[in-house]
Amino acid sequence: MDIFITGASGYIGSAVARALVARGHRVRGLARSDAADARVRACGAEPVRGDLYRLDVLAREAAAGDGVVHTAATMGEDRAATDAAAVTAMLSAMSGGVFVTTTGAPRARSSRVPVPEDDAVNPGGPLEWLVAAESRVLGARGVRGLVVRPPMVYGDGAGPVARLVEGARAAGVARYIDDGANRWSTVHVRDLAVAYAMLLESDATGVFHAAEASPEPMAALFAAIGDAAGVPVRSWSLAEARAAHGHMAGFLAMDAALDAARLRGLGWSPRAGEAVGGICGALRDPAEGYRAPGTGPRGRRAGDPTQVEGGDPTQVGDRGHGDPTQVGAGRAIRPRLRQRPDPG
């Protein structure tokens with residue numbers, strides 16, 4: 001297949017590009033700078049200069065191949081309008097083929113028990129536009145439309161989890177909200193990339209969750225983040241988190257457990273995530289690139305037994321884009337509303 005990827009130099013898009021190239025497909029990737037060009041080439045793909053505002057480039061490239069994977073987004077107040085215009089331009093130019101767009105876990109009903117794709121809600125607020133973003137693709141005529149809803153994506157020392165580690169390291173503390181019993185599904189970025197590839201190669205349509213089987217309690221996740229950052233782990237109230245980070249703090253207090261049975265039915269399994277022991281295993285494995293140099297087990301700096309406070313936060317109960325992982329680490333971090341860091 002000949003696939004055009006928006007956001008091909010970003011975290012998810014570059015992983016998708018590598019997976020597709022490894023499976024023998026031709027990949028063209030949108031890139032808005034020389035540096036982005038280099039990242040796209042490093043994936044084995046062909047860079048196409050442009051961004052989400054270049055509707056002529058988007059339409060031309062979408063029409064030129066067999067399919068599109070849309071993983072890019074802008075971060076400004078115009079993100080909904082920009083996404084709508086970009087996707088409409090690409091879909092209108094296509095005569096057949098497949099179009100895969102990316103939304104996120106907040107489109108599913110908040111639950112500590114994994115929910116299927118049809119158990120969806122309008123997330124409201126700054127993520128309300130994801131409802132129309134999904135409908136636009138699923139309702140496109142003459143194109144096989146697919147929506148991928150990733151949960152919290154991790155792996156290879158990068159992505160939103162890396163920003164949480166960086167935030168905790170800068171603040172000197174890793175904080176989860178209230179008792180940290182809420183649960184979030186997770187997926188390794190390489191497993192997510194394989195999911196996109198399998199969907200492109202199939203005849204499937206509709207919405208697909210891409211998630212590991214067991215959602216992670218937030219207290220356990222932030223204990224691992226504290227380990228990786230080499231800082232103490234503490235709880236703070238939702239009110240305190242909102243005072244520091246605004247309404248986006250609420251996303252880290254919600255449950256976001258996704259059932260990926262539909263995707264597993266196509267033969268998908270989270271092999272990369274299982275190999276590293278899930279998100280907490282990745283955070284504690286130096287080979288994954290999240291840990292601070294000189295950090296010992298349980299978040300202590302080597303030789304300093306005073307770094308961890310409050311007992312063992314991994315023992316707290318049950319738990320649970322957008323990219324809501326931009327908040328909650330102890331400092332104000334500009335929120336990114338879905339896991340698309342690159343408008344190219």
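Reader: Which residues of α1 and α7 meet?

Author: In this predicted model, α1 brings Tyr 11, Ile 12, Ala 15, Val 16, Ala 19 and Leu 20 to the contact, and these meet Val 189, Leu 192, Ala 193, Val 194, Tyr 196, Ala 197 and Leu 200 in α7. Sorted by kind, the residues of this contact of α1 with α7 are 13 nonpolar, no polar and no charged.

Reader: How should I read the way in which the axes of α1 and α7 cross?

Author: Helix α1 covers residues 11-22 and helix α7 covers residues 189-201, and their axes come within 8 Å and cross at roughly 60°. That angle makes α1 oblique to α7. As for the hand, the crossing of α1 and α7 is right-handed.

Reader: What do the axes of α6 and α8 do?

Author: The axes of helix α6, residues 160-171, and helix α8, residues 218-229, come within 9 Å and cross at roughly 65°, and this crossing of α6 and α8 is right-handed. On the side of α6 the contact is made by Leu 164, Val 165, Ala 168 and Arg 169, and on the side of α8 by Phe 222, Ile 225, Ala 228 and Ala 229. The residues of this contact divide into seven nonpolar, no polar and one charged.

Reader: How many aromatic pairs does the structure hold?

Author: A pair of aromatic rings is described by how far apart the centres are and by the angle between the planes. Here there are zero aromatic pairs to describe.

Reader: Where does the charged end of Arg 175 sit, and over which face does Arg 262 lie?

Author: The charged end of Arg 175 sits over the ring of Trp 236, 4.7 Å from its centre, while Arg 262 lies over the face of Phe 208, at 4.0 Å from the ring centre.

Key: Residues numbered from 1 in each chain as written. Predicted model: local features only at pLDDT ≥ 70, side-chain atom pairs only at ≥ 80, totals over all residues. Heavy atoms only, no water. Axes fitted to C-alpha atoms, helices over the stretch in contact; angles between N-to-C directions. Helix = DSSP H or I, 4+ residues; strand = E, 2+ residues; numbered from the N terminus. Parallel < 35°, antiparallel > 145°, perpendicular 65-115°, else oblique. Left-handed = near helix turned anticlockwise from the far one by under 90°. Contact = heavy atoms within 4.5 Å. Nonpolar A, V, L, I, M, F, W, Y, C, P; charged D, E, K, R; others polar. Phe/Tyr/Trp six-rings, centres within 6.5 Å; stacked < 30°, edge-to-face > 60°. Lys NZ or Arg CZ within 6 Å of the ring centre and 35° of its normal.
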